[in-house]
Every structure is written in C-alpha cells, then in structure tokens.
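Trainee: I would like to learn how to read side-chain contacts and surface charge in a model such as this one. Could you take me through them step by step?

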Amino acid sequence: MADKAGAMKPPESVWVRPQRARREQPTLSRDQIVDAALELLDAEGLNGLSMRRLGTRLNSGATSVYWHVANKDELLELALDRVMAEVTVPAPDGGWRDAVAAYARSLRAMIHRHPWTVPLFGAQPMIGPNATRVLDEVIVAFDGAGFTGMALENAMSLIADYIIGAAGSEASWQGRHDGATSEDWMRALGPYLTEITDRHPRLAAHITEVWSQETDDILESRFTYGLTCLLDGIEARRTR
C-alpha cells in the first residue's frame with residue numbers, strides 16, 4: 001500500500017510495534033482485552049467486534065484498549081494467535097504423514113470452534129508466539145519428508161490452504177444448517193429431485209445418494225479424501 005507521497009507503507013503488526021510508554025499501567029491487561037474480544041467474536045463473528053462494543057463489554061473507555069492495540073486489526077492479530085494455542089502438532093515419531101494429518105485435524109477443529117478466523121489467515125504474517133510454535137512444529141513434522149526451502153514452503157502452504165478452505169466451508173454450512181438430519185434433507189429436496197430427474201438424471205441420483213447420509217459423515221468423508229490425496233501427492237513428489 002502506498003501513502004500520499006507514493007512511498008510504500010511498511011508492513012505493520014502488533015508483534016513488531018514497540019509498546020507504548022506510559023507512567024502507569026492501564027487498568028485492563030492485554031489478556032483481559034483479548035478474552036473479551038474472543039467472547040464477541042465467538043458469539044457474533046467479525047462483524048460483532050468493534051472497539052466501541054469491546055469497551056462497553058469491558059466497562060472501560062477506549063483508553064485502556066488503545067494502550068495495548070492501535071486499532072482493530074492489531075486486536076484481531078492477538079485474537080487469532082490466542083486461538084492458535086489450541087492447535088497441536090504431534091512429534092513425527094509415527095512418520096511425517098501421521099503428524100501432518102493430526103495437525104490438519106487439529107487446525108480444522110479449531111476453525112470449527114472459531115469460524116471467524118478464516119478470513120484472517122493470510123491477512124497478516126503469522127508471527128505471534130502460538131502461531132510460530134505451531135509452524136515450527138509443522139516444519140519438524142515435514143522433516144521426515146525431506147523437504148527444505150521452497151519445496152517445504154509449498155508443501156506446508158498446500159496443506160494449510162486445504163484445511164482453511166475445507167474447514168471454513170464446513171463451518172459456514174454447519175452454522176446455517178446445524179442439526180438438520182438426512183431425513184430432513186431428503187424431505188426438503190424431494191420435490192426438487194423429482195422435478196430435475198428427467199433433465200439431469202445423473203445429478204438427481206447423485207444428490208439422492210449423498211444426502212441420504214448424515215451431514216457429519218459426508219463432511220468427514222470429503223475432508224479425509226482430500227487430505228489423503230494431498231498427502232499422496234506430497235509423498236509422490238518427495239520420492240522424485
């Protein structure tokens with residue numbers, strides 16, 4: 001991004017900004033502020049969080065909040081790193097595939113608990129203490145595959161992009177249709193399937209087959225299939 005003079009604006013992050021000097025510490029701690037932000041984010045998503053609403057929730061003016069963060073973007077950096085603490089990566093004792101697959105499922109589960117995180121991935125470098133711990137452990141997991149440099153970066157990014165995309169789509173679906181059973185879907189889709197059967201018999205048959213299963217089973221099957229294909233592809237490139 002360029003400023004008015006045409007110069008490129010340097011990247012900004014709460015993790016590299018020096019803390020503001022102040023004679024007295026504010027009443028609220030950074031952890032208290034992030035706790036309150038997470039409550040709003042988990043309850044109402046990104047649109048539910050504003051600096052004003054956060055101040056109201058904390059029964060505090062904006063002064064205490066702005067002592068810790070310069071703006072909402074910095075607050076979101078802190079919130080994202082906080083929930084990255086929930087992501088685990090096992091040691092690759094059982095092989096790199098098992099370790100990477102376990103990481104994938106842990107990150108997926110975290111996103112399901114906090115779907116507001118999806119648009120934040122890639123918006124800022126992941127350099128908070130929890131994120132760097134996760135990324136370092138992922139590198140250790142991939143050590144068993146023998147990747148280094150850009151090959152390592154590409155493999156890590158491929159897995160992360162798949163998890164974020166798949167889990168984000170799953171969380172969005174579940175947020176709108178949570179609790180719907182296979183019987184609910186077949187009852188709702190029945191008239192539509194009858195209508196399109198003559199024009200699109202293959203599609204109608206496919207929808208009938210898929211949605212006669214429970215949604216959780218469908219999502220789990222799709223995620224496992226995609227993850228296995230990715231790991232197979234990485235394995236194939238590793239042996240070249």
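**Reading charged and aromatic contacts**

Mentor: Let us begin with the charged pairs, keeping in mind that this is a predicted model; the count comes to 11 salt bridges, where a salt bridge is a side-chain nitrogen of Lys or Arg within 4 Å of a carboxyl oxygen of Asp or Glu.

Trainee: What is the general idea behind such a pair, and which residue forms a salt bridge with Arg 108?

Mentor: Side chains of opposite charge can pair when their charged atoms come close. In this model Arg 108 pairs with Glu 170, and their closest N and O atoms are 2.9 Å apart.

Trainee: Are Arg 108 and Glu 170 buried or exposed?

Mentor: Arg 108 has a relative accessible area of 9% and is therefore buried, and Glu 170, with 5%, is buried as well. Salt bridges with shared partners join Arg 105, Arg 108, Glu 170 and Glu 220 into one network.

Trainee: How many residues apart in the chain are Asp 232 and Arg 97?

Mentor: Asp 232 forms a salt bridge with Arg 97, with the closest N and O atoms 3.0 Å apart, and the pair links helix α10, which holds Asp 232, to helix α5, which holds Arg 97, across 135 residues. Asp 232 is partly exposed, its relative accessible area being 39%, and Arg 97 is partly exposed too, at 26%.

Trainee: How should I read the aromatic rings, and how many aromatic pairs does the structure hold?

Mentor: One looks at the distance between ring centres and at the angle between the planes, with planes under 30 degrees apart counted as stacked. The structure holds five aromatic pairs; among them, Trp 173 and Trp 211 are stacked, at 5.6 Å centre to centre with 25° between the planes. Trp 173 lies in helix α7 (residues 149-177) and Trp 211 in helix α9 (residues 201-211), so this pair ties together parts 38 residues apart in sequence. Trp 185 and Trp 211 form a tilted pair, with 5.3 Å between centres and 40° between planes, and both of these residues are buried.

Trainee: Which residues gather in a patch of negative charge on the surface?

Mentor: That patch brings together Asp 178, Glu 183, Glu 214, Asp 216 and Asp 217. Asp 216 is found in helix α10 (residues 215-238) and counts as exposed because its relative accessibility is 55%.

Terms used
Residues numbered from 1 in each chain as written. Predicted model: local features only at pLDDT ≥ 70, side-chain atom pairs only at ≥ 80, totals over all residues. Heavy atoms only, no water. Patch = residues over 30% accessible without salt bridge, like charges linked within 9 Å, V, L, I, M, F, W, Y side chains within 5 Å. Areas by Shrake-Rupley, 256 points an atom, 1.4 Å probe, with all protein chains shown as cover. Lys, Arg positive; Asp, Glu negative; His and termini not counted. Charge placed at Lys NZ, Arg CZ, Asp CG, Glu CD. Helix = DSSP H or I, 4+ residues; strand = E, 2+ residues; numbered from the N terminus. Buried < 20%, exposed > 50% of the residue type's maximum accessible area, 1.4 Å probe, protein only. Phe/Tyr/Trp six-rings, centres within 6.5 Å; stacked < 30°, edge-to-face > 60°.
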